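Visitor: I would like a short tour of this model. May I put some questions to you?

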Amino acid sequence: MTTAFAPSPIQAALGTPMIRIDGVSKTYRGGFQALKEVSLTINRGEIFALLGPNGAGKTTLISIICGLVNASGGTVTVDGHDNVGDYRAARELIGLVPQELTGEAFSTVWDTVRFSRGLFGKPRDDAYLERILRALTLWDKRNNRLMALSGGMKRRVLIAKALSHQPQVLFLDEPTAGVDVELRREMWQIVRDLRDEGVTIILTTHYIEEAEEMADRIGVIRRGELVLVKEKQALMRQLGRKELTLQLKAPLASVPEALAPYHLTLSEDGQALIYRYDSSAGNGEGSGIAELLGALREAGVRYSDLHTRQSSLEEIFVSLVKEP
Amino acid sequence: MNLKAVRTLYLAELARTKRTMLQSIVSPVISTSLYFVVFGAAIGTRISEVAGVSYGAFIVPGLIMLMLLTQSVATASFGIFFPRFSGAIYELLSAPVSYAEIVIGYVGAAATKAVALGLIALATASLFVPLEIAHPLWMLFFLVLTAVTFSLLGFIIGIWADGFEQLQLVPLLIITPLTFLGGTFYALEMLPPFWQAVTLFNPVVYLVSGFRWSFYGIGDVSLAASLGMIGVFLVIGIGLVGWIFKSGYRLKP
């Protein structure tokens with residue numbers, strides 16, 4: 001993919017704060033508290049994935065930042081601009097791809113993308129819009145009405161609309177919901193390309209694989225509270241569990257007494273022993289693997305094969321959002 | 001002011017008119033022609049002059065006002081309701097545009113379409129009856145101000161409505177009856193005294209009267225009363241729209 005999405009010149013260096021959310025809360029009419037004093041800083045040029053179960057407050061948080069929902073308390077700044085007091089400057093920097101496939105059904109792709117650019121006060125630039133449509137493989141469909149497009153194509157149109165005014169921050173609310181596997185991977189590539197060009201990406205997703213694949217940092221929201229914000233790799237190291245599975249040469253009826261300190265699990269068929277340890281301990285000293293292998297030798301337990309497996313982000317996520 | 005955004009909204013709304021040319025322009029022209037055939041030619045020939053004006057010519061301002069009110073309300077209400085209905089409103093609310101700019105874009109486009117249709121109706125009427133316009137500038141003034149005022153009302157209805165039924169409710173149950181009973185087809189002096197008094201509570205009477213005055217120099221109420229009533233409508237409309245955006249009513253939870 002070429003540099004089709006180049007945003008407006010980015011003044012500050014990558015990695016500096018782009019969005020500051022400070023004590024944002026939201027209570028809807030009727031009393032439902034969707035957000036409870038959420039504070040978060042999102043850095044320029046990163047891909048931040050916001051995870052959480054349905055109704056956790058992800059879309060509410062995005063909607064408050066983008067101006068679709070009024071916060072009950074707290075402040076949001078985008079590149080230093082308050083999103084209420086200085087809303088024009090803040091919103092100019094933001095592109096939003098909503099969760100629902102919305103749009104003027106009778107408009108053509110070209111008209112709707114041009115409309116979006118004009119709405120954000122940008123001068124006409126057909127060459128730029130053409131680059132976007134080509135990059136999103138929409139150029140051939142530019143004269144088609146939105147109602148005639150497939151779901152995947154409509155999703156691309158929404159991305160094209162969000163990019164039409166060259167935003168520095170792009171919000172993707174469930175960007176690949178209902179999209180087939182091939183298209184999902186294409187979209188991941190599009191997001192990576194955007195990040196490479198300096199666009200800050202904030203995405204919410206139900207697909208943990210998506211966050212695992214793309215995110216630099218991950219935030220987990222549960223019942224309106226941000227329960228965790230961490231770099232993805234650190235999160236997986238810290239909270240991930242590892243398993244060492246040993247395929248035995250001869251089946252065992254039970255775990256030998258001498259191996260009790262290692263809390264091993266014997267598979268149902270007695271053919272494998274499973275040893276669990278913290279991934280943060282690594283594979284070397286501290287994991288207890290070397291000691292375990294020595295103890296197995298001394299106990300006369302022979303194995304033919306061994307392999308390790310790290311718990312996925314999905315397993316970490318489930319453990320984080322599990323109700324106490 | 002984000003003039004590019006205003007222009008974009010305005011042109012996008014007018015483009016909708018272009019896309020739906022048949023129902024937007026042709027059908028109001030046909031319906032106006034039918035009014036002239038029925039009321040002007042068939043019934044009108046049996047009615048003597050009203051205040052020195054032939055009946056066919058007398059109903060022209062009322063018919064134009066009927067079209068102006070219904071089209072202003074319908075166009076503006078649909079214009080803002082449809083993105084709410086489809087969910088596309090997110091783009092408007094997240095764009096760097098002020099509430100005033102949004103209103104100018106939508107109401108401006110609806111008023112433009114209504115004025116254009118009013119002028120087309122006027123041209124259509126001139127094919128049926130000889131027309132004279134005593135105060136053309138006042139006529140345009142009434143045309144534009146009424147279109148803007150009722151487009152504001154339509155905008156409010158479009159935000160208030162929860163579905164297509166509600167969208168039709170106010171135009172069908174309120175605007176059309178008030179217009180028919182607002183002196184479109186008769187002068188107030190043709191009514192019994194009691195109903196003359198009741199009719200004065202109908203705000204459309206003042207609009208039709210002022211508009212008719214700009215044509216023939218005659219009206220059921222004074223010019224000042226007509227101007228005052230439009231002014232009151234306008235202020236109420238602006239006030240309501242201001243409240244809607246300030247409170248986020250049906251737009252921002």
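Visitor: What covers the buried residues of H1(B)?
Guide: First, this is a predicted model, where local features need pLDDT of at least 70, side-chain atom pairs count only at pLDDT 80 or more, and totals for chains, interfaces and linings use all residues. Residues are numbered from 1 along each chain as its sequence is written, while chains are lettered from A and ligands numbered from 1 in the order in which they are written. Helices (H or I, at least four residues) and strands (E, at least two) are DSSP runs, numbered from the N terminus. The cover includes helix H3 (109–119) of chain A, plus helix H3 (55–86) and helix H5 (99–128) of chain B.

Visitor: Which residues of H1(B) are buried?
Guide: Buried means 20 or more other C-beta atoms within 10 Å of a residue's own; exposed means 12 or fewer, partly exposed lies in between, and C-beta atoms are placed from the backbone. By that count, the buried residues of H1(B) are Ala5(B), Val6(B), Thr8(B), Leu9(B), Ala12(B) and Glu13(B).

Visitor: Which exposed residues does the face turned away carry?
Guide: Look at the face of H1(B) away from its buried side. There you find Leu3(B) and Lys18(B).

Visitor: How many residues does the contact take from each chain?
Guide: Two residues are in contact if their C-beta atoms, placed from the backbone, lie within 7 Å. Chain A gives 26 residues and chain B gives 20 residues.
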